[in-house]
Amino acid sequence: MLKWALIFFVVSLIAGFFGFSGTSAATATIARVLFGIALVIFLIFLVLALIAGNAVL
């Protein structure tokens, strides 16, 4: 998921450089949403790992 966020971010930068502001804004929004989803999934797995680690001890 982070790979796709990075791809959309790079596309946004390139589109912004060439003056396509609408495309740049849209791809930046998609990249931000994908990064947010990846961050939430990471935090969920982190909490689950900490809970599982405490259960083993």
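Buried residues make up 14% of the 57 residues in the protein chain. Buried means under 20% relative accessible area, exposed means over 50%, and partly exposed is in between, with a 1.4 Å probe and protein chains only.

Some ground rules. This is a predicted model, where local features need pLDDT of at least 70, side-chain atom pairs count only at pLDDT 80 or more, and totals for chains, interfaces and linings use all residues. Residues are numbered from 1 along each chain as its sequence is written, and side-chain values use heavy atoms, with hydrogens and water left out.

Overall form next. The protein chain has two helices and zero strands. Helices (H or I, at least four residues) and strands (E, at least two) are DSSP runs, numbered from the N terminus. Along its principal axes the C-alpha trace spans about 55 × 15 × 10 Å. The radius of gyration is 17 Å, while a compact globule of 57 residues would have one near 10 Å. That radius is taken over C-alpha atoms, and the globule rule is 2.2 Å times the number of residues to the power 0.38.

Now the surface. The accessible surface of the protein chain is about 4500 Å², and 83% of that belongs to carbon and sulfur atoms. Areas come from the Shrake-Rupley method with a 1.4 Å probe; for residues, only the protein chains shown count as cover.

Which residues form a nonpolar patch on the surface? Met 1, Val 33, Ile 37, Val 40, Ile 41, Ile 44, Phe 45, Val 47, Leu 48 and Ile 51 do, with about 910 Å² of accessible area together. Patch residues have over 30% relative accessible area and no salt bridge; like charges are joined within 9 Å, nonpolar side chains (Val, Leu, Ile, Met, Phe, Trp, Tyr) within 5 Å. A salt bridge is a side-chain nitrogen of Lys or Arg within 4 Å of a carboxyl oxygen of Asp or Glu. Met 1 lies in the segment before α1 (2–17). Met 1 counts as partly exposed because its relative accessibility is 45%.

On to the rings. There are two aromatic pairs. Rings of Phe, Tyr and Trp (its six-membered ring) pair if their centres lie within 6.5 Å; planes under 30 degrees apart are stacked, over 60 edge-to-face, the rest tilted. Trp 4 and Phe 8 have ring centres 6.4 Å apart and planes at 40 degrees, so this pair is tilted. Phe 17 and Phe 18 make an edge-to-face pair, 5.3 Å centre to centre with 75 degrees between the planes. Phe 17 and Phe 18 are both exposed.
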